[in-house]
Structure formats: structure tokens, C-alpha cells
Amino acid sequence: MGREQVRKEHGAFHEPDFGRDIALRCPRPRSGGRHRCAAERGADGAARRPYQVQGSDARNFSGKSLLREWNEVRASLSLIFTLQFLRLRRIGLDACRSLIAPCVVSCICISQTLALDLSKAIVVSSQQLTGPEKKAVAILVEEVEKRTQIRWENRFSWPVAATSVIAVGTVSELNSFAGEFAKELSRDRKVEGREGYRIRVKRGKGAPVLSVIGNDARGVLFGVGHLLRVLRMRSGAVTLPDDFSVATAPRYRLRGHQLGYRPKTNSYDAWDEARWEQYIRDLVVFGCNAVELIPPRSDDDATSPHFPLPPMQMMVAMSRLADEYGLDVWIWYPAMDRDYADPKTVEFALNEWSGIFKKLPRIDAVFVPGGDPGHTQPKILLALLEKQTENLHRYHPKARMWVSPQSFNQTWFDEFIAILRDEQPTWLAGLVYGPQVRVSLSQLRATLPKNYPIRQYPDITHCWRCEYPVPDWDSAYAATEGREPINPRPLGQATIFRLTQPDTIGFLTYSEGCNDDANKTIWSALGWNPDVNVTNVLREYGRYFIGSRMKAFSRRSRDSRQCNRPRVSNFRTTGGFTRCSTALITTPTLAVGCFTRPGWRTRR
């Protein structure tokens, strides 16, 4: 039966597209630009060319490459499959088996030749590992085991037998872990910058050698995270495309999230130390390099019935965990006492803050909001923070003090800016831009002296009555969901990031729990590469936390993304609510059976 005959008998013919990765080739777009795939559109919806990695020397898939040839083979096989299945109406399943089976066998054989089998790999690393590098190796071995039940052996010397090797370490230690490939990798094209890394595939004695080479200890950590995101893992098997190659470094030096162990947060107050360590690992895998803690006394209740540990004890544990992984530790410390013009109040605050500072094993910075909460006139607040900076340096000499002009009225804002312009206090490291600042971020940057950097504090956790409300949200639906629902907003968060981030050194997001988990991932990925394809980030998120068998899950991705921008007209006139709710309800159902390691992200 020819192609034209198929059209006549069965209507418009569409060639299936089995498993093509959106980063390599987009599905065929429809006639209108608004129907183009996410890789062809920006966060603003404007049509553009398919995404290409920037800041990376990932291999260019040209028409002569093996992958392109494989795509052509799969396209041909797709046509064969379609024709054969259409013939089932006429000649029956039994008669087709002899035709379909060879196609299936061919697909399996070709797929196996294009993937590295790492199921029996050995992890080789240097004996001179720092703390974060040891954690990187532990993450790699343990997270793979959780998803595959395969426990990779970790050695400090190159194996004699021909077996797959995953070599992990810093560029300065290449000779100690890269074996016969040390010289070749030392001449390999590098990427400059702190926290950068490269991942290379080589062939040695017939067995593949995968190298994860960091520019520094954090580079090793984030290189391992990248590898975990791209590995295909299922029970009893670990594979990787054999032509995978990447070299990259982050665009922004600060990429973090607030982790508040307090009653008002979503789920955090019930987490024990082991759960916090797992969550810190999960954040690291997607490029997070800082966390922000909250002291026991804040604008919240002093205790929670869910606390497994007292707040101070957990704060110490979280600071220690972050230090073990080599992450920066910030403290969000509101100045909430009634009158800091009173010397007795100042003395009380100095003693209270000192008690916190001396107990924590690591502090890199302290951020004091001017408001929300807080109500102190700028000249009095800055005088207090100068003393608190001296207090901080008694226990953490390299830690820095940051402040925000949140909730200042115009008079206080003008006073604040005048002090910074005229006096330029050297103890102040920089400013934080967060909710309730009177001017835009770009206006603040233009107003401040250039020696003060700006860190962003974006609200990624709320959907209305907040810094970045969902636009045109249906009022009834908004009232039902509330201010703080589970709120993945991938396209919206990408737009916010790209509009605001260029004037800053980075961010630590304002979060109230795990309801905004997907948003944290989007911000971390964009902080590494602002041009990253958001759809690909979501696919890596799903593959890593749910499993490699994500085909059923991704079928609903378009409808799920529609929930990112629910409109009044959609809900009332075009059935937008029905489509959105159906996507949210059926997506987990479709993915049942695909879970590699069930956890709180996959529970309904």
C-alpha cells in the first residue's frame, strides 16, 4: 500500500516521531507560530529558532552525524510501523507479526549501539578528595543505586580488566584519576570559570570511559549533578548516549533558595535531618550553590507540633549539611525588636544574634530585611547592622552583611539611598532586592553606588497578593487554590528571571516550602544558563525524580503548561478549566508504573 493510498483510505497521514529529544529536533510545527513547540518559543511566546546550548561545546548534530542518520532510520521505521498497523484491519495481527518483528528487533539493536551501557561501571576518583568532592562521588553512587539497584564500586586506581569507568575529579588532579587519558584530557578544550566542568566520553580497550572533570570542587559536584540528570536509569540498567559531551560554567555566581524550618512553611517543619540532606542533594543536582536559613525567632510561631528537632538544633544541622556539600550559608535575620534607638534593645539584639552566630558551623552572609518584617528607620537600622557585623566577624571573619530597603516609605527610602551615596559604609557587602521595594530593580541599580552589588530575593512561592501574581487568574479558581498552592509556573518564572536578573549577581529565592519545588529547579537552571530551554529542564526534572519512562507523562505536558497561564476567558468560555484540571488529574495517573523511586513529589 503506497503513501498516497494510505491518505485516501485513512485521511491525513502524520509520520510518528518516536522519542526525539526536543533539544535536538522539534516536532513539526503547525501553521501558526503560536502552535510551535516550546523549543521554538521564548518565555514570552514569540516564535524563534530551536534552542541551542550556549556556553557549551556540546557536539553539533550535523547532517553527516550518526545521530542524524539514526533519526532518518527511525523516521523510515515509523512509516513502516504505521503502514503495518493500518493493514491490521485487513490481514489480521497474525499475518503482520512476521513483518513487524524484524522492525522491532532492528530498533532495539540500533538503540543499543547508540547508548553506553554503564550498568557494570567502576567509579574511579582521586584519594585526595575534598569534602564536597567526596559528597559528589557519594551522590553519584547512591542516587544511581536508589534508582537502579546497582551499586557502583568506587576505587582510587584504574582497573586492570577492560570495564566501563566513570572517572571523577578536578582538573588539577587529572593524573591521579584519569588513567591513560590524563594527557589527552589535559589538552582537551576547557571551559573557564569557577564551578565549571566538562563531561567527556572516551573509548579504552573496547570499554567506554566517562570523565567528569571539575574546574574546582564545586565543579565536580555540579558535573556529577548534570550527569545524573542525563543518565537513563531503570531497574538493573544505566545507559548514556555515547556521543554525549558538554563543557559549561555558570553565568551567575549566586544560585540559592531559602529553606525555612518554621511552622508556616509547606511540609518543611516536619522534615528531619535525613530528609533535609536529601533535599539539599536534589537542589545541588540542578545547580544550586547556596541555601538561606531562618533563625528560631522570626515572624512565626516559636514551635510546631511537627518539629522532629528544636529549631536551633535543626538550624545547626542544616548549616553543617550545607558546609559538607560546599554550599554557601546565608541567614535571613529580621530585626523585629521595638526600638533599636534604645541601647538596652541593641544590647539584647547583640547578645541574641551572637548566640546564633557562634553555634552555626558555617555562615557566609547575613541578610537583614528593612521590612516584612521590620519597622526601623534606615539610619538607626544601619547603625545596628554595623555593630552586628562586628558581632558576626567574631565567629565568622569572612561573612558579609546585606540589607534590603523593603517596606520603606518614600522618606525612608530617600534617607537610605543618601546614606549609601554619602557615607558608603565599607562593612556593608551589598543590597537585596525583594518584595515591597518602592522602585524597580533596574531603577535601584541606577540609584546605588556601583560598589554595592545587588542580590535578588524573588517570591517564587505565592500566586496572588504577592510580588509576581499569576496574571488574569480566574477569581473563583484563585480563591479556591489560595495564595500558596502547589504552583509550578515554568514559563512565567523564566520570564521573570530574564527580565530582572541581568542587574544582579544572582539570587536566593523566597520560598515557603516544597510547593514551589519545580520553580526552584527552573531558577537554578536559569541561573546556570539563562538561555536554557525550559521544557528540557522540566523533562530532566521528571526523568530524575520520576523515572526515564516519561512518554506517557510528556503527552500531557502541553496541557499542563496551559495551567501556567490560566485566563478568565479560558475558564468561562473555552473550557480552559476542564483542560487544565484534566491534565493535572490524569498526568500522575498516566505516569503510574513509570516511577523509579516513589517519593513525596509523586504522591497524589
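A disulfide is taken here as a pair of cysteine sulfur atoms within 2.5 Å, and by this rule the count comes to zero. C463 is in no disulfide, the nearest cysteine sulfur being that of C466, 6.8 Å away; for C466, in turn, the closest cysteine sulfur is the one in C463, and 6.8 Å is too far for a bond. C463 is buried, with a relative accessible area of 3%, where buried means under 20% (1.4 Å probe, protein chains only).

The model is predicted, so that local features need pLDDT of at least 70 and side-chain atom pairs count only at pLDDT 80 or more, whereas totals for chains, interfaces and linings use all residues. Residues are numbered from 1 along each chain as its sequence is written, and side-chain values use heavy atoms, with hydrogens and water left out.

Of the 604 residues in the protein, 53% are buried. The protein exposes about 27900 Å², of which carbon and sulfur atoms supply 51% (Shrake-Rupley method, 1.4 Å probe). Among contacts (heavy atoms within 4.5 Å) between residues at least 6 apart in sequence, 75% join residues at least 24 apart.

The second largest pocket holds about 660 Å³ of space, a pocket being an open set of points on a 1 Å grid over the protein atoms alone, where a 1.4 Å probe fits, with protein on both sides within 12 Å along at least five of seven lines; lining residues have an atom within 4 Å of a point. Of the 26 residues that line this second largest pocket, R194, R218, R253, D328 and D364 are the closest to its centre.

Technical notes: Buried < 20%, exposed > 50% of the residue type's maximum accessible area, 1.4 Å probe, protein only. Points joined across faces, edges and corners; volume = space filled by probe spheres on them.
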